[in-house]
Amino acid sequence: MSLGPYSSASRGHVDLYGNVFEVPDFTMKQIYDAIPPHCFRPSTLRSMSYVVRDYALLGGLAWLVYTYTPLLPSIWLRATSYALYTVIAGMIMTGIWILAHECGHGAFSKSKSLNNTVGFILHSSLLVPYYSWKISHSHHHKSTGDLQRDTVFVPHSREYWVKTTLGKEVDPHSISAAEVTEDAPIVTLWHCILHQVFGWPLYMLDNLSGQKGVHGFPQHSHYWFGSDSGIYKESELFSVFLSDIGILATCGLLYLAVRVSDLWTVLIFYGIPYLWLNHWIVAITYLQHTDGTLPHFAHSQWTFARGAAATIDRSFKLGFFDIDMYLFHGIVGTHVLHHLVSSIPFYHAYEATEAVKKVMGKHYHSDKETPLMTALFRMQRDCQFVEESSGMDGSGVYMFRNLHGRGTKPRDLVGGQRLSSWEGHVPPPKGKEDWNWRDLISSVW
């Protein structure tokens, strides 16, 4: 098996594909200085025009399908029409979700109150607790790539991944463990399905993919405003309560919609598109932070600039139509810039990205060639856990690895060395009674 241009048995940081990884050395001052000043200035009128546009697209599409689909002569044509609507509506709703996300970062308008008002309405309409999400998402931005402090997509250690996937009796460092993780496409596909269906609700309800051991409903739920909350400070609990009011209001409107029309209509025009929305949000955010070229850092080696650079830009096109640019507001293709300076509005993000690429140089990560869903399959298959490169114990720089040997060989199959766990890692629960369904899904995400 080829180890790529740089053997993992050699000294130095090596990514999953065998390439030398160098720790970023640019500064945030260099980043800010490189970005044209107008990129930092949001336009309320321009931002609001995208809200109007997206709701007009969604409403117009719904009206056309609701009015004319029943007139189609074949049940198959009607089914096809409804199915296509749910897919397209889910993409438009994803764009609305991203506009609310802009509000949470203060990139929608210079007015804080307008940001919060618009963001609250948009996110609540999509069953997202606005203030709760805004707070926890801010923590993620402040600690991206920090293995001890990041709040989402925190990767597993080898031990945790093996024990939650193969059983707590399996030796994480044995060759037999690698042999039972053969690269089976059906297994990867099953993991993708679990990831996409259960990832978002379990993150919101149970803090799945956050720090290991920091989970449990309701204390670690994004909806819990009790004094024993494990996510929010006491000063933030009222904001969580307001977020829940927004969710309840939307649920009430959906209930009224069912009473006025019927359950089937609400499922077609809101429920199924909502599931597509969740799918895209999980896929997009997962792929922004998961790639064989991306590092993670022990807290002692982490800096904001290093964490922000530990993200990757991708593309999402359907033929000649750029879904990311025209429906997803560039969130897939400008995420590196978004982590560097999250207050830049999305319509300036492409220009700002070109500016920061000159500063970042080789530290800028991008994969615009791999189709988005192909990347999802590959990353689920190959990025199983992180560990330090062979010969680099104690460096505090961790790269993605897998047991089945795709890409750079696992280090213990090259040199027989055992990895060192990162500081503060919480090991898997001990005892059969503590092993449950959550750990199975956690091993996927």
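## Ground rules

Because the model is predicted, local features need pLDDT of at least 70 and side-chain atom pairs count only at pLDDT 80 or more, while totals for chains, interfaces and linings use all residues. Residues are numbered from 1 along each chain as its sequence is written, and side-chain values use heavy atoms, with hydrogens and water left out.

## The big picture

The protein has 17 helices and 7 strands. Here helices (H or I, at least four residues) and strands (E, at least two) are DSSP runs, numbered from the N terminus. Of its 445 residues, 55% count as buried. Buried means under 20% relative accessible area, exposed over 50%, and partly exposed in between (1.4 Å probe, protein chains only).

His123 sits in helix 4 (residues 112-125). At 1% relative accessibility, His123 is buried. Leaving out residues up to four places away in sequence, His123 touches Trp97, Ala100, His101, Val128, Tyr130 and Trp133; a contact means heavy atoms within 4.5 Å.

Three strands make an open sheet in the order 1-7-6, with antiparallel pairing. Strand 1 (295-297) and strand 6 (385-388) stand at the edges with a single partner strand each, so one side of each has no neighbour in the sheet. Two strands pair if DSSP finds at least two bridges between them; strand 1 and strand 7 (residues 397-401) have 3. Across that pairing, Phe297 stands opposite Val397.

## Salt bridges

How many salt bridges are there? The count comes to 9, taking a salt bridge as a side-chain nitrogen of Lys or Arg within 4 Å of a carboxyl oxygen of Asp or Glu. In one of them, Glu22 and Lys362 have their closest N and O atoms 2.5 Å apart. Glu22 lies before helix 1 (28-34) and Lys362 in the loop between helix 14 (349-360) and strand 5 (366-367), so the pair ties together parts 340 residues apart in sequence. Glu22 is partly exposed at 43%, while Lys362 is exposed at 58%.

Arg158 and Glu387 form another, at 3.0 Å. Both Arg158 and Glu387 are buried.

## A nonpolar patch

On the surface, Ile186, Leu189, Ile193, Val197 and Phe198 form a nonpolar patch with about 460 Å² of accessible area together. Patches are made of residues with over 30% relative accessible area and no salt bridge: like charges are joined within 9 Å, nonpolar side chains (Val, Leu, Ile, Met, Phe, Trp, Tyr) within 5 Å. Accessible areas come from the Shrake-Rupley method with a 1.4 Å probe; for residues, only the protein chains shown count as cover. Ile193 lies in helix 8 (residues 185-206) and is partly exposed at 40%.
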